[in-house]
Amino acid sequence: MAKICSISGFRFKCARSFSPAAADDISGSSIGVHMRDRLQDVQVLSGLLKECSGLRSISLVEQIHSAIVTGGQAKRKFVMNHLMNAYAKLSEDEKVMKVFDKMPDRNIMSYNIVIGGLVRNEKLGAAVDIFNTMLEKNTASWNAIIAGLINFQYNDYGLRLFTDMHSNGFLLDEYTLGSALKACAGLKDLRRGKQVHCYMIKSGLQLNLVVGSSLTHMYMRCSSLSDGEKVIHSMPQHNVIAFNTLIAGLVQNGDPEGALDQYHVMKMAGFKPDNVTFASVITSCTDLSTLVLGQQIHAEVLKAGFLSVPAVTSSFISMYSRSGCLIKAERVFNEREETGDDHVVWTSIIAAYGLHGRGEEAIEIFRRMEIKGMVANDITFLSILYACSHSGLKDQGLEFFNLMVNKYGLEPKVKHYTCVVDLLGRAGRIEEAETIIKSMPMKPDPVIWKTLLSACKTHKNTAKAESIAKMILSIDPQDSASYVLLSNSQATVKNWLQVEDLRQKMKAQMIGKDPGMSWFETNDEVHRFIIGDSTHPQWKDINSYLEELILELRSHGYVPETSVVLHDMDSEEKEMNLGSHTEKLAVAFALMKLPENAPIRIMKNLRVCDDCHAAMKHISMVRNREIVVRDSNRFHHFRQGVCSCRDYW
C-alpha cells in the first residue's frame, strides 16, 4: 500500500510510479468542495509545486499535474510555468518539454525556465536551440544561456553571446559580468578581462562585492597578482568569498606565505573560514612543507566540521603525504566520511602512494575504486601511471595506459605519455621510449624529451643523450637541465673534455643551474642548507658532527660512492665533495637537535645521489632512526638500513 503524505492540508499517495487513478486523492469527491476550490487558487498550486519539488518527489508533482489538468488550469501560464519549474528541478527534461510543447500561450518566463532546466541538466545544445527560437528575450534569458555555456567551459561561445547581448542593448548586470569575468579567467584572457573591468567602472558596479570577487579571480588567474589585490583592497566591504578569492589566487600564483597571511587577516576581521578557505590554506601548508602549521589547520577544520568535504579531505591527504607522513595521509583517507565521497579523494591517496613508491598499494586502491563503481578520470590515470613508474611496475603501468584508452575512452595527454616514457626508460628500453614520443598525436614538450635524456644518462647511452640534448637546446637554448643531464651523462663514462666543454658553454651563455638545497622543520622554524653556503650560525658544529658521523658509518661498512662525483679529481677530493652534500648536513643537524627516536624529515630540491642514499641507509641503522627524505622525484623512507624505494629511483 502506498504511503499517504500530507502537504499544506492535502493528502497524496507517495508512490514511486504514477497512474491516472492517483489523481483521485487530490481531485476526486473524497476531498470535498472546499479542497477543490482551494486548488483553483494559483498561489496554492504554485506553493504545492514548490514543496513537492523540494521533497524531490516526482510522484507528488505528477499528482498535482493531474489535478491541474482535470481542474481546467492547464491554460494558465503562471501555473504551467511553476509546473515546468518543478519538473526541471527534478531533472525531468522530457516532462518539461511535453508541458512546454502543449502550452497554447508562452511568455519569456516559460522559455527561461526551460533553458535554465536544460542548462542545469547539462543539455546545452538543447538549451541553445530553445534560446535561438525566442522572439523576445530579457536579461535573465541571456544570463541563463551565457552562464550555462561558461560553467561548462564554453568560454569563447559565452563571451560571443555576452558581446551580442551588449550590442542588442540589454543591461549587463552583476550576474552577466560575473559570468564574463569567469570566462576571461578560464581563457586567461587579460585583455578582454580588462575590457569588462572598464564596463564595470562605467556602470558603477566596480564596488559590487560579487562582481569584485569575480574580477579579482580573473586577475589572479591571468597572473596579474597586484591588480587582483588592488581590487580586493579597494572594496568598501569584504566577505568570506572575497577573502577566499584572494587566498586562492595567492596560492595559484606561488605565494603560499601571502595566502597564510591573508588567512590570519580574515580571521582577525571576524570572518569564519569555510571549506573553500581551508582547501586553499592546506595547499599553502603543502607548498611550504610546514607540517606543524598543517596540523594546526587540521585541528581548526575538525572544530569547524569541514573534514567530510571531499576537497578538504583530499587536500589533507596531499599535505600529509607531501610532508612525508604517509601514515597520517592513510588515516585521513580511512577515517573519512564516505558520504559525498568522490574520485578526487581516491585519486589523492593513489597519488600519495605513488609519491612514496608504493605502487602495489596504489593499484589496490584503483581496483577498489572500480569495484565501488567510481569512474576514474585522466588525473586518476596520471597518478596510477606515476605510481607504477616510481615502483618499477613497468608491465602494470603499460596495462593501465591501455586500459585508459581502450576501456575508459580517455585521450592521453603529454603527461600520460611522459609517464610511459619514464616506465620504458627506467627499464632500459630507450629506443621503444623514443618511438612512443615520435608517434604521439601531439607535439612533444621539452619535459618528455628530458625524461628520455635522464634515462640515457642512467643507462650510459651517451650518443643518444647527445642527440636528444641538442634537439631540446634547439627549442630552448637556455634550458640548464639539458646541459646538466648531458654533462652528467658524459661524466659517467669519464669524457672529461666534453664535460668541461659543456660547462664552458653554460658559463659563456650565463646559464646557471639550481644549487642543491635541503631543509627541515623543527619548532616552527625551517632550517635551510645550500651547497657552498657556510652562513648557518652553527655551521662549524654541524660540519664537525658530520665528520664524526661519517667515521662512525665507515666502521659499520659505509664506503663513499665516489663515482657520483662528476668531476675530474682524485678520490680524496671526491670524498670531501660528498661530505658537503646538503642532505647530509641537514640530517646531521637534525640528529643534533631532535629528541632521540624522533623521525627526521628532510626536503631536497634535487634528486638524491647514490652516495647520500647509501649514507642515509647506514645512518638509519647505526642511529636507529627513521629518516624520510623527499627529493625532486619522490619520498625515501629509511629504516634499519633499508629504503622503501628498494634502491629503485
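**Helices and cores in a predicted model**

Q: Is the crossing of α21 and α22 left-handed or right-handed?
A: Let's start with the terms: helices are DSSP runs of H or I with at least four residues, and strands are E runs of at least two, numbered from the N terminus. A crossing is left-handed if the near helix is turned anticlockwise from the far one by less than a right angle, and right-handed if clockwise. For α21 and α22 the crossing is left-handed.

Q: How are α21 and α22 oriented to each other?
A: This is a predicted model, in which local features need pLDDT of at least 70 and side-chain atom pairs pLDDT 80 or more, while totals for chains, interfaces and linings use all residues. Residues are numbered from 1 along each chain as its sequence is written, and side-chain values use heavy atoms, without hydrogens and water. Helix α21 (residues 343-355) and helix α22 (residues 359-371) have axes 8 Å apart, at about 165° (lines fitted to C-alpha atoms over the stretch in contact; angles run from 0 to 180 degrees between N-to-C directions). Angles under 35 degrees count as roughly parallel, 65 to 115 as roughly perpendicular, over 145 as roughly antiparallel and the rest as oblique, so α21 and α22 are roughly antiparallel.

Q: Which residues of α22 make the contact with α21?
A: Contact means heavy atoms within 4.5 Å. On the α21 side, H343, W346, I349, I350 and Y353 take part. Their partners on α22 are E361, A362, I365, F366, R368 and M369.

Q: Is S179 buried or exposed?
A: You can find S179 in helix α11 (residues 174-187). Leaving aside neighbours within four places in sequence, S179 is in contact with I146, A147 and I150. Buried means under 20% relative accessible area, exposed over 50% and partly exposed in between (1.4 Å probe, protein chains only). With a relative accessible area of 11%, S179 is therefore buried.

Q: At what angle do the axes of α10 and α11 cross?
A: Helix α10 (residues 155-167) passes α11 in a left-handed crossing. The axes come within 9 Å and cross at roughly 145°.

Q: Which residues touch the most other members of the largest nonpolar core?
A: A nonpolar core is a set of buried Ala, Val, Leu, Ile, Met, Phe, Trp, Tyr and Cys residues joined through side-chain atoms within 4.5 Å. The largest has 140 residues. Those touching the most other members are I145, I297, F316 and F400.

Q: How many helices and strands are in the protein?
A: The C-alpha atoms fill a box of roughly 105 × 55 × 55 Å along the principal axes. Of the 649 residues, 48% count as buried. The protein has 34 helices and eight strands.
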